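This report describes a protein structure for a reader who works with computed coordinates.

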Amino acid sequence: MADPTPSRLAKRPAPRLARAAVPLSPGRRAWRRFRRSRAGFSAALLLCLSVLWLGAWPFFSHESIAPYLPRGLTWSPLTLTDAQFAGPDREHWFGTDVHGRDLLSRVMHGARISLVVGLVGAAVSVIIGVCWGAVAGYVGGRWDSWMMRVVDALYAVPAIVLIIVLVATLQTPLKAWLVARWGTDLGPTANLLLLFVGLGAVSWLTMARIVRGQVLSLRERGFVAASRVLGASHARILLRHILPNVWGVVIVYVTLTIPSVILYESFLSYLGLGVEPPYASLGYLIADGVVHINAIRTHWWLIVFPGGALVGTLLALNLSGDGLRNAWEPREEED
Amino acid sequence: MRRPDSPERTLPTRPAGACQRPRGGGLFRTAALGIAAALALLGCGSSPPSADLVILNGAEPESLDPAIMTAQADLRIGGSLFEGLTRFDPVDGNPVPGLAERWEISEDGRVYLFHLRPQAVWSTGGSITADDFVYSWRRVLDPATGSEYAGILFYLEHAEAYHLGQIADPGQIGVRTAATHRLEVRLRDPTPFFLDLCALPTLAVVPRDAIERHGDRWLLKPPVPVSGAYELVTWRINDRIRLSRNPRYWEAARTRNQVVDLLPCISASTALNLYETKAVDIVWDKNLVPVDLLDLLLARPDFHAYPVLGTYFLRFNVTRPPFNDARVRRAFAMAIDKQRIVTRITRGGEQVAHSYTPPGIGGYRNPEGLSRQPEVARQLLAEAGFPGGTGFPRFEYLFDTSSRLQEQIAVELQVMWQRELGVRSELRKMEWKTYLVAQGELDYDVCRSSWMGDYNDPNTFLDMFMSHNGNNRTGWQEPRYDQLMRQANAQVDPLRREQLLQQAETILIREAVPIVPLYFYTGLEYYDPDRIEGIYPNIRAEHPLRVIARKPALP
């Protein structure tokens with residue numbers, strides 16, 4: 001996610017000549033360092049590929065493409081079949097559940113939901129957190145301390161309880177409103193919207209603190225003082241001089257926020273407060289699979305595949321986050 | 001009144017030593033206390049002597065007071081401690097003489113004269129008299145007792161008025177002492193199932209002295225005077241309830257075991273493990289069977305499945321369009337593939353339900369309901385103005401979270417309706433108590449429901465859909481139905497009564513269709529028939545403890 005550049009760049013050798021000629025911007029230097037970190041970079045690459053794959057997934061079951069694909073790829077997550085609890089085979093690559101629904105399609109669908117929730121949650125946290133933190137750090141003084149006390153107060157609220165209350169109380173009215181305003185098809189999205197709001201609302205706090213800390217130190221730096229002397233407006237200083245220097249930290253932190261939001265969502269779905277059936281996110285699928293663990297007979301695919309997908313996603317996000325952090329804040333300067 | 005799958009019976013369990021999150025030094029103290037407690041337990045050493053029978057009974061009982069208890073697990077124990085005028089036959093579950101050795105019924109079926117056994121005594125001594133029964137029944141009806149089951153005594157004259165506070169004098173209730181050992185009962189209507197009601201633990205006789213002396217805690221002050229086949233030895237919450245044979249029971253000579261342990265358990269996998277390791281002899285709660293393994297388990301000789309008096313069904317909210325149209329409701333009923341639900345989801349050998357009353361209830365022959373006819377269903381929906389489901393408004397299917405089964409059935413129904421009728425629905429999941437509230441306030445479109453019969457007569461199922469019954473919960477009001485039900489219950493001739501009930505049920509399941517029966521519940525138990533005898537399958541799932549025993553070891 002942190003990687004906005006298409007992957008074909010990766011195949012080219014690093015432009016070493018350019019380094020000798022012009023001093024590189026911090027962003028480009030970090031990018032080059034990141035490309036050299038093997039684990040982080042391959043994890044990021046894998047993530048990008050799987051996002052593309054998941055984006056294309058719904059089209060596989062479309063009738064114009066489906067005949068050309070292997071049967072196992074073309075199931076819809078809502079189709080009921082007679083193959084109850086079928087193990088992984090040629091027909092159903094990941095097996096089926098109690099209703100005979102194809103697990104591969106359910107895992108793909110669940111991963112889409114989990115990723116969207118993670119991305120939107122992270123985006124909300126970036127928007128609120130960066131604005132709040134930058135303003136607090138830049139303005140300073142009394143405003144700064146007030147804004148940070150607000151953050152402290154929100155920190156004190158137990159996040160998961162807040163989200164549970166939010167979902168439980170607003171679910172029905174929001175659903176009714178959505179249906180009245182936009183028509184019948186939007187009912188199931190109410191829960192997702194609430195999840196976005198709730199998860200975003202609790203995940204921006206740390207972001208705001210980090211950004212504020214950065215801004216505090218940046219605004220005392222020479223180049224900021226210089227542009228202030230030259231008569232630049234506050235907005236220009238913030239947008240042109242301070243924020244570009246903050247992005248590195250923000251990007252790193254975002255890659256760590258996404259997994260935590262995904263985990264939150266999985267946890268809520270596990271409790272039955274997240275996405276509503278028949279749709280399912282990864283956490284929900286796992287909760288479904290846990291029931292089938294016992295001493296006599298275990299339908300292992302129901303827990304292994306969704307669990308593997310979640311673990312894989314989280315691992316990839318964390319690895320690329322690690323790689324990015326090392327790239328932005330190198331411990332020992334290699335170049 | 002008993003609802004299956006009710007999670008509200010489960011007490012919050014807290015493992016010993018798991019205190020409220022200790023802080024700092026508290027942690028050490030807690031740990032030290034825990035260790036000390038463990039050592040003390042080890043020190044005492046002597047585990048209680050083993051019982052003749054160990055039974056997994058389901059959730060921890062909420063109460064063992066006959067007037068208070070409602071859950072099936074509680075009633076099983078209560079019935080062993082306290083007996084009523086009649087008791088259940090171990091084989092077929094029909095009422096047979098209990099503390100009353102015989103009775104006379106008047107011509108019009110409204111007056112019963114019970115002759116109590118003169119030799120029947122309390123376990124602490126003292127004869128059981130008609131006065132004790134009058135006291136016990138008045139206690140159930142007294143609003144101050146707070147009995148949820150008081151309704152089953154409303155068949156007595158003036159009982160309902162007394163319970164509702166309309167009359168203050170309990171002397172007016174239709175139960176009185178005719179002689180020391182003779183009890184006279186006057187009923188509102190000829191109630192053919194009244195002897196069935198008398199066998200329920202709610203109507204059992206309870207010890208007046210102990211209750212008046214100890215108040216609410218009378219069951220915790222040993223010795224508890226009991227009238228049934230067993231005495232209460234210990235009741236350790238979340239550990240075990242131990243019963244021992246009551247030597248003063250009137251038929252004590254035929255009680256087949258001395259000490260019985262009943263263990264609480266709510267996890268099906270724990271239950272299976274305890275059984276497999278032979279830590280328990282009998283598991284007799286349906287919720288203690290792992291549903292996913294049923295196909296394997298039912299093939300074993302020690303798993304026993306048999307039909308019981310319970311129906312899983314759907315309610316329509318007939319006050320909300322489009323479900324105010326009977327054609328829509330009939331279409332929905334005919335689009336359901338009940339067979340698939342039974343064979344794929346519930347998998348306990350359940351029988352598909354076409355009528356609301358379970359087969360064989362009180363000798364009643366069920367009328368034929370709607371069968372699966374997708375063609376007719378589509379046609380009905382088109383007649384109602386929604387050809388092919390076009391224009392059908394969004395609706396919600398409500399279910400509760402008491403068991404994963406509810407959700408699985410919901411998913412199946414959603415797809416069936418979509419595929420056969422082209423209507424789109426949403427699934428709405430609610431916690432058990434909120435779900436009951438939503439159902440009571442008619443805040444739903446379609447919802448899942450279930451009902452367990454309280455006595456062996458179709459009335460226990462059919463009277464709840466009369467217009468003003470508190471359990472109707474569909475908004476459906478049909479004067480014809482009310483009329484038929486009232487006529488039936490005033491009828492003395494059993495054949496004529498059956499016809500009237502059949503007519504009423506036909507309206508319910510074929511014409512107006514405020515409900516759709518899906519399947520009949522199955523009773524499930526596991527015990528080794530080579531080691532245990534005295535358990536007989538019957539539709540009431542009644543297995544009196546006194547006749548169950550381990551088989552003598554073969555020489």
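## Overall make-up and local features

Of the 335 residues in chain A, 44% are buried. The model is a predicted one, and the values below are to be read accordingly. Chain A contains 12 helices and zero strands, and its order along the sequence is α-α-α-α-α-α-α-α-α-α-α-α. Among the contacts of chain A with a separation of 6 or more, 67% are between residues 24 or more positions apart. The accessible surface of this chain is about 17,100 Å², and carbon and sulfur atoms hold 66% of that area.

**Domains of chain B**

Chain B is divided into domain 1 (1–81 + 217–302 + 527–555), domain 2 (83–205) and domain 3 (306–522). Taken over C-alpha atoms, the centres of domain 2 of chain B and domain 3 of chain B are separated by 34 Å. Domain 2 of chain B gives 12 residues to the contact and domain 3 of chain B gives 11 residues.

**The largest cavity**

Seven cavities of 30 Å³ or more are found when the whole structure is searched. The largest cavity has a volume of about 400 Å³. Its lining is made of 27 residues, and those nearest the centre of the cavity are Arg76(B), Gly79(B), Ser80(B), Phe88(B) and Glu542(B). Two elements of chain B, α2 (72–81) and β2 (86–88), are the ones that give two or more residues to this lining. The greatest contribution comes from α2(B), with five residues. Sorted by class, the lining of the largest cavity consists of 14 nonpolar, six polar and seven charged residues.

Thr460(B) is part of helix α14 (residues 459–462) of chain B. Is Thr460(B) buried or exposed? Its relative accessibility is 3%, so Thr460(B) counts as buried, since buried means under 20% relative accessible area. Apart from neighbours within four places in sequence, the contacts of Thr460(B) are with Ile361(B), Trp451(B), Gly453(B), Asp454(B) and Tyr455(B).

Arg510(B) belongs to helix α16 (residues 494–511) of chain B. With a relative accessible area of 36%, Arg510(B) is partly exposed, because that class covers the range between under 20% and over 50%. Residues up to four places away in sequence left aside, Arg510(B) touches Arg330(B), Glu368(B), Gly369(B) and Leu370(B). From Arg510(B) to Leu156(B) the distance is 33 Å, C-alpha to C-alpha, and the two are 354 residues apart in sequence.

Pro118(B) sits in the loop between β5 (111–116) and α3 (130–141) of chain B. Although Pro118(B) and Thr180(B) are 62 residues apart in sequence, their C-alpha atoms are 9.0 Å apart in space. Not counting residues up to four places away in sequence, Pro118(B) touches Glu101(B), Ser127(B) and His181(B).

**Backbone geometry**

Most residues other than glycine have a negative phi, and most peptide bonds are trans.

| Site | Feature | Angle |
|---|---|---|
| Pro222(B)–Pro223(B) | cis peptide bond | omega about -5° |
| Pro321(B)–Pro322(B) | cis peptide bond | omega about 5° |
| Asn238(B) | positive phi | phi near 60° |
| Lys278(B) | positive phi | phi near 65° |

Pro223(B) is in the loop between α6 (208–214) and β8 (230–236) of chain B, and Pro322(B) is in the loop between β12 (303–316) and α9 (326–334) of chain B. Asn238(B) occupies the loop between β8 and β9 (240–245) of chain B, whereas Lys278(B) is in the loop between α7 (268–276) and β11 (282–283) of chain B.

Lys278(B), at a relative accessible area of 59%, is exposed, because exposed means over 50% relative accessible area.

How values were computed: Residues are numbered from 1 along each chain as its sequence is written. Chains are lettered from A and ligands numbered from 1 in the order in which they are written. This is a predicted model: local features need pLDDT of at least 70, side-chain atom pairs count only at pLDDT 80 or more; totals for chains, interfaces and linings use all residues. Side-chain values use heavy atoms; hydrogens and water are left out. Helices (H or I, at least four residues) and strands (E, at least two) are DSSP runs, numbered from the N terminus. Buried means under 20% relative accessible area, exposed over 50%, partly exposed in between (1.4 Å probe, protein chains only). Contact means heavy atoms within 4.5 Å. Accessible areas come from the Shrake-Rupley method with a 1.4 Å probe; for residues, only the protein chains shown count as cover. On a 1 Å grid over the protein atoms alone, a cavity is a set of points where a 1.4 Å probe fits but cannot get out, and a pocket is an open set with protein on both sides within 12 Å along at least five of seven lines; lining residues have an atom within 4 Å of a point. Grid points are joined across faces, edges and corners, and a volume is the space filled by probe spheres set on the points. Ala, Val, Leu, Ile, Met, Phe, Trp, Tyr, Cys and Pro count as nonpolar, Asp, Glu, Lys and Arg as charged, and the others, Gly among them, as polar. Domain bounds come from an automatic or database domain assignment.
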